[in-house]
Amino acid sequence: MQRLLRRLQAAERGITFFAFCIMIAIVFADVAVREVTGSGLHWARQVGVYANIFVVMLGFGLASAEAAHLRPRFADSWIPARLERFMPHVQEGLMSLFCIAVAVVATLVVLETFELQERSVVLRLLVWPVQAVIPLAFVIAAFRHGCYAIWPALAPQPPSNVEAAAAAVAARKADKAHKADKADKAIR
Amino acid sequence: MEVVGLFAMVLALFVLRQNLVVVLGMTAAYAYLVWGDGAVANIIIDAWDALNREVLLSIPLYILAGSIMSRGTMAQRLIRLMRALTAPIPGGLAIATVLSCAVFAAISGSSVVTLLAVGSVMYPALLQAGYSKQFALGSLCAAGTLGIIVPPSIPLILYGVMTQTSIADLFIAGIGPALLLILLMSVYAIIRNWRLRVGSWSLREIWLSLRHGIWALFMPVLILGGIYSGYFTATESAAVAVVYAIFVELVIHRELGLRGMYDTFAETTKLLGALFPVLMFALALNVFLTYEQVPEMIVRWLNTIITDRASFLIVMNLFLLIIGCVMDIGSAILILAPILQPIAQAQGIDPVHFGIIMIVNLEIGYLTPPLGLNLIVAMSAFREEFWTICRAVLPFLGLMVIGLIVVTFWPDLSLFLVQR
């Protein structure tokens, strides 16, 4: 399973790198052509936007693979210490369920766009193949977080010393609170 | 009752350690189901519309340009130049720290990267030169936050996207407050370290360091000069910045090979993958709130409580300072900017000025416990106790609050360069 997740991550990195290069090349070409000829490439921005959608949606998986999602941590120490061992399962399981729900709704939206044969106003291209990256990204994320929920050991560690330090502070706080609680009970 | 249910759900999700994307997605679903027509598919349609916008292109491009430029020895080059320029001033090394942070922040666009890159060189140098540990820690943590306000800043872009305010205007408006904060920190550094020995200017060293650092220094000039002169839009200047950064790192400095470039792209994509799905749900929620006229309702309600502009600004600053203590800047902007900006506008506050006020408030949050990001980073990077660092930043917090008061009650400081 770990190997599969690694390969998935490598594929996401490769595809997003390619899409990122397209985005940079096209937006820059638009500026350069405008400087030379006086008018830019009218389709460039739309292609850049679509490339960006590929980058950020497949990047969602990369963020999951490296535990880089934004998460307010102020309530981290509110869970009693005895329930702490269940938290990785609950945390990842809920994330997986959420991704499944979004993937289902997004698929319905893409199907509707497909049936309507909706096209981009600027590019005159069908929209649904680009739009389909949204459900795809959430399906991949659901799979990934589902794996982490079942096998928490597969889950990535926080990416940087920043997160690690934040976790250390939270753990120290929880430990202190636990000790104070213990001492309080002993006095009583 | 429904509102209580919403708050209970959001709180439960935070307690269960859910990512912000889940919290915002669930909030949007709850809003559509309870107050809307129940068609949750509209969230995805709104999210698609949010993603399918040209203005968002500037975010990945600026982040990538910053990531490329901050790899390698860019920080050392800038530090060398700043040290050469400030050598004969009392507290010169501290001023060099502040200036290095400011310029590096303008290039990297990230406070944490700035603190780590400049701190790793300047912290030992400051201690060696006789500066107190407390001052060294405080100045690095505080100057590290300048990345939030010095353009091009990602929080400023996020604010612009969420409130449909001109990103170019926000960048320009950030210059005055950034200079004020740099000035305050520099003056404090001189006063506090007046007795420390000073060196002398060496024209040779200035010339050599300028030659080494000129390519890095030119980046903010290119971005801001392009935008201010009207030559580039924010997105165009971001694309030019990326190509410039790739050229400098691959051809001039040659410190970042193709493998390093590939890793930098992946690192940036990871950041974008964390940010954009949150952004798309936040924008979808924003569409719903606007459609249901929620900001207008809040404005009407607030107008019955707060009648004058000054009290509004004081209350808003206190509120944002508290938010900065418990929430990261990206989350705070995505959630609060679309709600607070119409309220501020109803009080006659310019949206650009309010954006700057909001950013400076949240910038202070980088230095306030329990979740001050720069405190946590400094604790880890300099291996010091959390509370030692908290004490060290106290004088700088005071300076930044003074800066905040000036920024809040002197709108021209932010708006004098903005062309209307």
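Me: Where in chain B do I find B:T368?

Reply: B:T368 is in the loop between helix 17 (351-364) and helix 18 of chain B. A helix here is a DSSP run of H or I with at least four residues, a strand is a run of E with at least two, and both are numbered from the N terminus. A heads-up before we go on: this is a predicted model, where local features need pLDDT of at least 70 and side-chain atom pairs count only at pLDDT 80 or more, while totals for chains, interfaces and linings use all residues. Residues are numbered from 1 along each chain as its sequence is written, chains are lettered from A and ligands numbered from 1 in the order in which they are written, and side-chain values use heavy atoms, with hydrogens and water left out.

Me: Why is B:T368 called buried?

Reply: Buried means under 20% relative accessible area, exposed means over 50%, and partly exposed is in between (1.4 Å probe, protein chains only). B:T368 has 12% relative accessibility, so it counts as buried.

Me: And what makes B:P342 partly exposed?

Reply: B:P342 has 23% relative accessibility, so it lands in the partly exposed class. You'll find B:P342 in helix 16 (residues 329-346) of chain B.

Me: Which residues does B:P342 contact, beyond its neighbours within four places in sequence?

Reply: They are B:P295, B:V299 and B:A337, where contact means heavy atoms within 4.5 Å. B:P295 is 47 residues away from B:P342 in sequence, yet their C-alpha atoms are 6.4 Å apart.

Me: Why do A:R144 and A:E12 count as a salt bridge?

Reply: The rule asks for a side-chain nitrogen of Lys or Arg within 4 Å of a carboxyl oxygen of Asp or Glu. Here the N to O distance is 2.9 Å, so the pair qualifies. A:R144 is in helix 5 of chain A and A:E12 is in helix 1 (residues 2-37) of chain A, 132 residues apart, so to speak linking distant parts of the chain.

Me: How do you know whether A:R144 and A:E12 are buried or exposed?

Reply: Check each value against the cut-off you already have. A:R144 is buried because its relative accessibility is 0%, and A:E12 is buried because its value is 4%.

Me: What makes A:R45 and B:E236 a salt bridge between chains?

Reply: Their closest N and O atoms are 2.7 Å apart, so they pass the distance test. The pair runs from A:R45 in helix 2 of chain A to B:E236 in helix 12 of chain B. A:R45 has a relative accessible area of 13%, so it is buried, and B:E236 is buried too, because its value is 5%.

Me: How many salt bridges join chain B and chain A?

Reply: Six. One pairs B:K270 with A:E66, whose closest N and O atoms are 3.3 Å apart.

Me: What is meant by the area buried between the two chains, and how much is there?

Reply: Buried area is the accessible area (1.4 Å probe) that two parts lose on being put together, summed over both. For chain B and chain A that is about 5,900 Å², with carbon and sulfur atoms giving 74%. On the chain B side, B:R17, B:W48 and B:K270 lose the most area to chain A, together 14% of what that side buries. Each chain brings 64 residues to the contact.

Me: Which residues of the largest nonpolar core touch the most other members?

Reply: A:M57, A:F138, B:I59, B:L146 and B:L279, out of 203 residues. Such a core is a set of buried Ala, Val, Leu, Ile, Met, Phe, Trp, Tyr and Cys residues joined through side-chain atoms within 4.5 Å. Helix 13 of chain B gives the most to this core, with 14 residues. A:F138 has contacts in both chains, including A:M57, A:F60, B:M280 and B:F281.

Me: What is the secondary structure of chain A?

Reply: Chain A has six helices and zero strands. Of its 188 residues, 43% count as buried.
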